[in-house]
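Reader: I would like to learn how to read a few features of a protein model. Could we take them in turn?

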Amino acid sequence: MVLLLQAANITYAHGGNELFRNLQFSIQTGDRFALVGENGTGKSTLFRLLTRELYPQEGAVTHANGVTIGFLRQESDLPAHKTVREVLSAAIGDADALEFELLEIEERFSEPLSDEEMSALLDRQAHLLDRLDSAAATDVTEQLQDVLGELRIPDHRWDQPIGTLSGGERKLIDVAQFLLEQPDVLLLDEPDNHFDTETRSWLEHWLTTRFTGALCMISHDRYMIDRVATTIVELEDGKVRSYPGNYSAFQQQKRARIERELELRELAEREYLKMKVSSEELTQWARQNPKFASRAEQARKRLVEERARLDAQPWPKLQRNTATIQFDAERGSTNVVTGSNVSIRFGDRVVLRPFDVLVRHGERVGIIGPNGAGKTSLMKCLTGDLAPTSGSIGIGASIVMAWYDQLHGTLHPNAQPIELVRKAKALNEQQALSALVAMGFDRIDAMNSVKNLSGGEQARLQIALMMLSGANLLVLDEPTNNLDLASVEQLEDALLEYDGTIISISHDRYFMDRVCTRILAIEDGVVRDYPGGYTYAIANPEKGTPLTLGLRHPAAVDDSPKKKRR
């Protein structure tokens, strides 16, 4: 294996907050890493340091000679004025496209640039010149057809400016660009953002079958991590630890490591107590016999040094200080949701053809389908925010619903979290603050405006309000978005203990497999019902029962011979 990138003893602080101290990290040929860690630990910052977009205060980042690096940021930074054809032609290696980008770089050299910007442009120029030397002046249309066909982008959109595409489409072009360029190292920061389940599956397939370089990705999609990564690298407390295997193996290995560290720490504390008893005995003897004074003083110094050493090492924690999530609900109606002849249409566009549906108490229903299939529209019909074009959706008489909106539209932007909590349940100020502290907020956050909170904080606030509502029906639209993996796992644990009914949309397939026991799959206006989790539904497409009217399976005909009555 050849060393491609190395971060040696790097220390980096931003805004007075030290993210790393003496951090060591390297990427070699053949590596397939998933970089995980709580929000705010510095995962994206580490990527920017590895690409030399940022520079550490101490230590160094080194690249192998001639190594090429592709860095996919969370939000696409493709030039808005360029077309899909121009971007991907350059990625394929079309000579005309490469020369055009070289001219643009030459024009930028006349602008005032920082040292870092100049260095990045020179590196890009050198890379393009190398590619131009080996580029064949051939028509790239056939390759574009293959690639854009897989991306499901029709011919008439090839010449559209990137700026006119949706966030998901821009991300697709961004990903495709790097996969076509085939860099030696590919750094992917949340590559699945804006992607539906089908597109995530496409990305996983391409990364595992067509990309041959070293790979390191940041992702909250545990399903993708399991399929793509062979090693999990956790960033925690400014250090990295590697765990071979998939995400499930990482969880087991990490727990086993912390349990061992706890045993060793407890043993060290017991040894310290023995030292303390021995030191106290020597001190008593020294008071009676001065010849023990020197030994007593040495024992006392060793005791102080050992205590300082132990105190400098925090106790290993099996559970970090994440949100405390617990749902309580009283039993409601047996028939929770009843839909009859429900259809949704916007103008001439049919979103959902007429269908019937029944959700009973205690069911955990996941709704899947490609972007635009009608999942969120169906949710809005359920919550009353949208009237179906035909039919009706009824909620049981004793059902209390709580709605999680992925866009946080249920939160008033100018309200304070503590105000919203006190509206959700009759609590005094201290009780409301305690409820927010249990969800990871401090007093300043509790008094801040919702609009000033991060996406993760708004997500935790919505969950807190749902818990306080006492709802026995949870309607969840992408509840894991903006949560780090530790919080997602705690949410899953709480939902598994929940006695009510759950209806959820999610692109988090790991979440759907763990939480949901029934799947409604929507595609081309048709709703199919599967008695299992996500993996079951995908693996057994023929076993879905159509709920769409007119597509019901005919009753089975019993062809067995009948016995005559006597």
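Reader: Is Phe250 buried or exposed?
Author: Buried means under 20% relative accessible area, exposed over 50%, and partly exposed in between, with a 1.4 Å probe and protein chains only. Phe250 has a relative accessible area of 5%, so Phe250 is buried. Tyr247 has 3% relative accessibility and also counts as buried.

Reader: What kind of model is this?
Author: This is a predicted model, where local features need pLDDT of at least 70, side-chain atom pairs count only at pLDDT 80 or more, and totals for chains, interfaces and linings use all residues. Residues are numbered from 1 along each chain as its sequence is written, and side-chain values use heavy atoms, with hydrogens and water left out.

Reader: How many aromatic pairs does a search of the whole structure find?
Author: Start with the rule. Rings of Phe, Tyr and Trp (its six-membered ring) pair if their centres lie within 6.5 Å; planes under 30 degrees apart count as stacked, over 60 as edge-to-face and the rest as tilted. The search finds nine such pairs. Among them is the tilted pair of Tyr247 and Phe250, with 5.3 Å centre to centre and 55° between the planes.

Reader: Where do Tyr247 and Phe250 lie?
Author: Helices (H or I, at least four residues) and strands (E, at least two) are DSSP runs, numbered from the N terminus. Both residues lie in helix α9 (residues 247–288). They are three residues apart, about one turn of the helix. Tyr243, Tyr247, Phe250 and Tyr510 form one aromatic cluster.

Reader: Which residue has a charged end over the ring of Tyr272?
Author: A charge sits over a ring if NZ of Lys or CZ of Arg is within 6 Å of the ring centre and within 35 degrees of the ring normal. Here it is Arg307, 4.6 Å from the ring centre of Tyr272. Arg460 lies over the face of Phe441, at 5.0 Å from the ring centre.

Reader: How do the axes of α9 and α10 cross?
Author: Axes are lines fitted to C-alpha atoms, for helices over the stretch in contact, and angles run from 0 to 180 degrees between N-to-C directions. The axes of α9 and α10 come within 9 Å and cross at roughly 155°. That makes α9 roughly antiparallel to α10 (angles over 145 degrees count so; under 35 is roughly parallel, 65 to 115 roughly perpendicular and the rest oblique).

Reader: Which residues make the contact?
Author: Contact means heavy atoms within 4.5 Å. From α9 the residues include Arg265, Tyr272 and Met275. From α10 they include Ala299, Glu306 and Arg307.

Reader: What is Glu306 in contact with, leaving aside its neighbours within four places in sequence?
Author: Glu306 is in contact with Tyr272 and Met275, once those neighbours are left aside. At 17% relative accessibility, Glu306 counts as buried. Lys301 also lies in helix α10, but at 44% Lys301 counts as partly exposed.

Reader: What about phi?
Author: Most residues other than glycine have a negative phi. Asn9 is not a glycine, yet has a positive phi of about 55°. Asn9 is found in strand β1 (residues 3–14). Asn9 is partly exposed, with a relative accessible area of 38%. Asn341 also has a positive phi, near 55°. The place of Asn341 is in strand β10, and Asn341 is partly exposed at 32%.
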